[in-house]
Amino acid sequence: MRPVPLTVRSPGLVLALLWACAMGCAMDDSSAPFIQGEGPDAACTVDQDCADASLFFCNTALSRCEAACRADEDCSVKRRGQQHAILACESQSLGCRCDANRCVPALCTGDEACEAGEVCRDGTCGPALAETVAASCRVVPERVVAPVGTSVRFEAWVSDVDGKAVVLPRGITWKAVAAGVTGDGTGARATFTLASPGAEAEAVEARVGSATCRARVTVLAPHVASEELRVLVTDALTGRPVEGASVLVSDTLGQTLARESTDAVGVARVAARGEVGVSVFHEDFGYLTLAHYDTKGSRDLRLPLRRNPTDREGGVRILFNNFAPVGPGGALTLGLTGLSVPGLASEAAPGQVVGPERPVNLRLGDATRQFLVPDNTWVFGLGVLEQPDIIAPGIAGVCDSRLQDVTNPEEALRAGACGTRSAWALTAQVPPGGLPAGTMDPGTDPLLLLARALPQSGRFSSSLVRDVQFPLRPPGGGDAMRLPLVTHDFRQVPLGFPFVVRLPALPPFRDGYPERALVLGTVAVPGRGLVPLGLGAAVNTSPSDPLTDTQPGLLTPGFVRVRMAPAHHGLEGQPYRLLALASSGALMGELSAGTGTSAVFAPLEAPRFDPEGAQPVTFSESFLSVPEGSRYNPDLLPWHGLLPREWRLDATVPLATVVRASFTNMAGRRWTVVMDGRRAVSGVRLPVPPSGFEDRTFQGDTEGSRASLSVEALRVTTAEGMSLGALALAESGGLAPEDLAEATRSVSTLHQGRPQVLWVDPVEGGSLARGATVRLKVDGFHVGPGLTDDGGVVLSVRGGGLGCDGLLLSSDRATRSGEVSLTLPTTCSGAEVVLAASLVDGLHLPLRPAVTAVRTVRVP
């Protein structure tokens, strides 16, 4: 037996209970390793009922004896003897590990952990598959349009005759099959160079066994015109050129200088001199503006567009099988599932990732508590009835003829009507006794439950299906959509690698620090997106400071326990990446206005088994500060130092190389403005969209309200650490989702929302006592008297009688949640008293456009 090399010895209900189970659930009969001489029917009530209290413990949840350990050696036949040897530990080459005082089969993370001639697949060592199992393959990316001299890395995805993903250690060969492309290679990936101009053609070929697959390439000639920009516009998620996009060049005042449309290759040539803004408009895609571009550069830009996220909907149906047996007390069964997300998560709409929330009522004894869970979460037990299936939403991409009802795949993907992603799930079954204390207390933050959880154990699994195709269609299509079915193995691969992560100091945000943090262990999958393989979470409340609260079993704040599975079921060999996200609000789904987040990324060589945190995983980068102080003037006149249609950030974000401001209207359509980080304080004058295009800086309602605004700061570098700004990324093709995500080291976001004032109390038509206090809720607007605050609330009163009619009340104080209270004078009374609350700036001038909410009440 060859041991594994040892380096060292939810947002709500979903994250909290999944993690609680990962930290403290009992094992079931089927998952406990079989013990010779001590069968699974060995009953007990206390440890002393077992054959040897030093080798066994009594699992009281199941009333049976199970192997106990304190170190890996306690799981070996040398320590246990033949009578109590664990068959599962002796029958596999990796043996067992001691995980939370239980002997569990060890997992591998790579071929180097296995015997000579074996490979690591699905966390287990075994013989390599022959290349003859390959029945089909697909090259990623399958379509490339780029200038001559560009180097492109291609990946081959291989499947067997049943369509299941396979990873072959050898047998894949690459070659160029068109004159304009050079390169060759062997293995799962190869890099080719676009050597000479040429029209679209099959140019790169991968061959494995009897399967052959190719990628199509268009090579653009060098751009040499001195007073002209060449702008290549592509679909960010398929690589296809976008024809008919309007490319507009504007001056520093936002005035249009020139405009052209892209041709069939996605190219537009537009006259430009000096410093300009370059904007791309297409009704099916998000608008994109590259600000402060200096035409002294290459004048050759590649601008990828993301499809409007809410124009189509669809995904897959999810079922689970292979559940663990449960005891007579039942169990809470959880499955958080989804489809991989290409690029940075902020580039996807929340509805494309988790879907809407729904209420779930859990019952434990006489207690009942309601939780809100994402719609892509499977819940069963503790009073919740079993669901037939759930829907995981998907993001558009590529597809082929194997997708049902798709007769012309090229036409479908050009219309954004299909996609291919990786389906994932994180699962657990929690017996009632395994729930942490306080689970059913109404006021307990679910993430705080993590701090009360029991010591770790491995009752948490990962399930993957690498290649899943699905249709997308416009919402409200009438008949129910036929979505493909994905069946997840509930216990496919355990999250068998516990380790500890040391977080960087949390960034200050307003009058405190982010309240919670999430750590994700992921794999970046070319052509598919980011796939989560594990997680950890922490809170920051006692006290609120730069370090997360100390977790059970750890002695120091700022450390987070994480559990992770190895890459499996077709993802072996792909790079691991660790993500830490700190947030002042929710960790997933729709973010409320005023929520600040900051995330940091780090490559991970492989998951490690280090339950005590002897060698914590660290991040080389720090969290970026949240980009506060962003302002936009949508008016046609100057306002508070802002020129018409000017957006500006009050202060630079240290270390940020790129800043993006994204406007999102009520239809979910975006306009993103991107610039070098240092130029954000210079301001950007946005052009008026060409005729026929909506202005997405406005909400699109009848009142002319502002659109929702989010500001994002990114630190982007080369692999060697050289900073990359927006202009360099646009010239090199680095704004493509996968390239940008790979080069991003840290990112912070402020979801400003849009300025709103909403009535909390009284209700419309209600009755108030004289001298009553009214309450309002302000979103997307920071109430306060300071220079960095947005302003306050003014309440005007009409119909309140003599001494009250025309009265103005104001406040620049709000609670942390944005609630403002104002007290009416006792002289106000009337049958129809009109209360109009308006947002005002620091000079008490109304916002433009005005933001007002009205209530008519009775004051006897």
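**Sheet β48-β49-β52**

I started with an open sheet of three strands, ordered β48-β49-β52, with antiparallel pairing. Strands pair here if DSSP finds at least two bridges between them. Strands (E, at least two residues) and helices (H or I, at least four) are DSSP runs, numbered from the N terminus. At the edges I found β48 (756-761) and β52 (819-823), each pairing on one side only. From one strand to the next the twist averages 30 degrees; axes are lines fitted to C-alpha atoms, for helices over the stretch in contact, and angles run from 0 to 180 degrees between N-to-C directions. I then followed β49 (residues 773-779), which pairs with β52 in the antiparallel sense over five bridges. Threonine 773 stands opposite threonine 823 in β52.

A note on ground rules: this is a predicted model, where local features need pLDDT of at least 70 and side-chain atom pairs count only at pLDDT 80 or more, while totals for chains, interfaces and linings use all residues. Residues are numbered from 1 along each chain as its sequence is written, and side-chain values use heavy atoms, with hydrogens and water left out.

**A hairpin**

Next I looked up β26 (residues 357-364) and β27 (residues 367-374), which pair in the antiparallel sense over eight bridges. They form a hairpin with two residues between them, and glycine 365 in the turn has a positive phi of about 65 degrees. Leucine 362 stands opposite arginine 369 in β27.

**Cores**

Which residues have the most contacts inside the largest nonpolar core? I got Phe499, Val501, Leu503, Val519, Leu578 and Phe619, in a core of 43 residues. Such a core is a set of buried Ala, Val, Leu, Ile, Met, Phe, Trp, Tyr and Cys residues joined through side-chain atoms within 4.5 Å. Buried means under 20% relative accessible area, exposed over 50%, and partly exposed in between (1.4 Å probe, protein chains only). Elements giving two or more residues to the core include β30 (418-430), β34 (497-502) and β35 (516-525). Another core lies apart from this one, with 40 residues, among them Ala272, Val276, Phe285 and Phe601.

I zoomed in on leucine 503. Not counting residues up to four places away in sequence, leucine 503 touches Ala517, Val519, Thr548, Gly558, Val560, Ala580 and Phe619; contact means heavy atoms within 4.5 Å.

**Rings**

I counted 13 aromatic pairs in the structure. Rings of Phe, Tyr and Trp (its six-membered ring) pair if their centres lie within 6.5 Å; planes under 30 degrees apart count as stacked, over 60 as edge-to-face and the rest as tilted. Tyrosine 287 and tryptophan 671 have ring centres 5.6 Å apart and planes at 75 degrees, so I logged the pair as edge-to-face. Tyrosine 287 sits in β22 (residues 287-294) and tryptophan 671 in β44 (residues 670-676), so the pair ties together parts 384 residues apart in sequence. Both residues are buried.

Phenylalanine 323 and phenylalanine 490 make a tilted pair, 5.0 Å centre to centre with 45 degrees between the planes. Are these two buried or partly exposed? Phenylalanine 323 is partly exposed, at 30% relative accessible area, whereas phenylalanine 490 is buried, at 2%. Ring pairs also link Phe320, Phe323, Trp378, Phe380 and Phe490 into a cluster.

Back at tyrosine 287, I noticed arginine 696 over the ring face, 3.8 Å from the ring centre. Arginine 706 lies over the face of tryptophan 639, at 5.7 Å from the ring centre. For this I need NZ of Lys or CZ of Arg within 6 Å of the ring centre and within 35 degrees of the ring normal.

Most residues other than glycine have a negative phi, and most peptide bonds are trans. I looked for exceptions. The bond from valine 140 to proline 141 is cis, with omega near -5 degrees, and proline 141 lies in the loop between β7 (136-140) and β8 (143-147). Another cis bond joins arginine 848 and proline 849, with omega about -5 degrees.

Leucine 382 is not a glycine, yet has a positive phi of about 50 degrees; leucine 382 counts as buried at 12% relative accessibility. Histidine 569 also has a positive phi of about 50 degrees, and is partly exposed at 26%.

**Arginine 70**

My last stop was the loop between β2 (64-67) and α2 (77-80), where arginine 70 is found. At 78% relative accessibility, arginine 70 counts as exposed. Beyond its neighbours within four places in sequence, arginine 70 contacts Cys98 and Asn101.
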